[in-house]
Amino acid sequence: MGSILSALYGGGAAATDEQSEIDGHPAVTAFHSSNRWQLHFNSMKESPQLMVIDFAASWCGPCKFMEPELIAMAHKYTDVSFAKIDVDELPSVSQEFGVQAMPTFVLVKRGKEVDRVVGAKKDELIKKIVKNRAIQSAS
């Protein structure tokens, strides 16, 4: 909990850089600035790498339930990029992706949405990650 608060309140160098690691894990990058997010998103448009964007909120129970699951997925699927957006912190990014419920996981390749999971559906998210990263290695 302390590391989450630390990241939120700028306790680490990464947080002051407008992005941070989730709970001290570099596998999932949390974005705290629309500009920093846009730079990252634009850089991923050139890559065939799958990116999973977790749209969540600090007050959302199912989001908190999914956080350790997402970290585990990020450690298992190291060829996939994982990003986290707080919908209250970056509402314009949430609107851009049409997020209406939390958590929402948007799977993106080359800047285009390829799949989506709405809700704390760990098994469904894993299936869609496996499916879409398999397409990546085939191309």
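Five bridges tie strand β3 to β5, and the two run antiparallel. Pairing here needs at least two DSSP bridges between two strands.

Before going on, the ground rules. This is a predicted model, with local features needing pLDDT of at least 70 and side-chain atom pairs counted only at pLDDT 80 or more, while totals for chains, interfaces and linings use all residues. Residues are numbered from 1 along each chain as its sequence is written, and side-chain values use heavy atoms, with hydrogens and water left out.

Now the other side of β3. Strand β3, residues 51–56, is joined to β4 by six bridges, and these two run parallel. To get from β3 to β4 the chain passes through helix α4, residues 61–76, and this β-α-β crossover is right-handed. Right-handed means this: with the strands pointing away from the viewer, the path from the first strand over the helix to the second runs clockwise. M51 stands opposite S81 in β4. The bridge partner of A56 in β4 is D86.

How covered are these strands? Buried means under 20% relative accessible area, exposed means over 50%, and partly exposed is in between, with a 1.4 Å probe and protein chains only. In β3, six of its six residues are buried. Both faces are covered: M51, I53 and F55 are buried on one side, and V52, D54 and A56 on the other. Next, β4, residues 81–86. Six of its six residues are buried, so β4 is largely enclosed by the rest of the structure. On one side sit S81, A83 and I85, on the other F82, K84 and D86, and all are buried. Note K84 and D86 in that list.

On to the core. In soluble globular proteins, nonpolar side chains tend to be buried together. A nonpolar core, as used here, is a set of buried Ala, Val, Leu, Ile, Met, Phe, Trp, Tyr and Cys residues joined through side-chain atoms within 4.5 Å. The largest one has 20 residues, and W37, I53, F55, I85 and F97 touch the most other members. Two or more residues come from each of α3 (34–44), β3, β4 and β5 (104–109). The biggest giver is β3, with four residues. Another core lies apart from this one, with 16 residues, including M73, A74, Y77 and L125.

Take I85 as an example. Which residues does I85 touch, not counting those up to four places away in sequence? They are F31, W37, I53, D54, F55, A56, L90, V93 and S94. Contact means heavy atoms within 4.5 Å.

S34 lies in helix α3. S34 is partly exposed, at 29% relative accessible area. Leaving aside neighbours within four places in sequence, S34 is in contact with L90, S92 and V93. E69 is in helix α4. At 23% relative accessibility, E69 is also partly exposed. The C-alpha atoms of E69 and K122, 53 residues apart along the chain, are separated by 7.2 Å.

Then the cysteines. The whole structure holds one disulfide, where a disulfide is a pair of cysteine sulfur atoms within 2.5 Å. C60 and C63 form it, with their sulfur atoms 2.4 Å apart. The link of C60 and C63 is right-handed, with 75° about the S-S bond. Are these two cysteines buried or exposed? Both C60 and C63 are buried.

Finally, the whole protein. There are six helices and six strands. Along the sequence the pattern reads α-α-β-β-α-β-α-β-α-β-β-α. Of the 139 residues, 42% are buried. Among contacts between residues at least 6 apart in sequence, 62% join residues at least 24 apart. The accessible surface comes to about 7200 Å², and 54% of it belongs to carbon and sulfur atoms. Those areas come from the Shrake-Rupley method with a 1.4 Å probe, and for residues only the protein chains shown count as cover.
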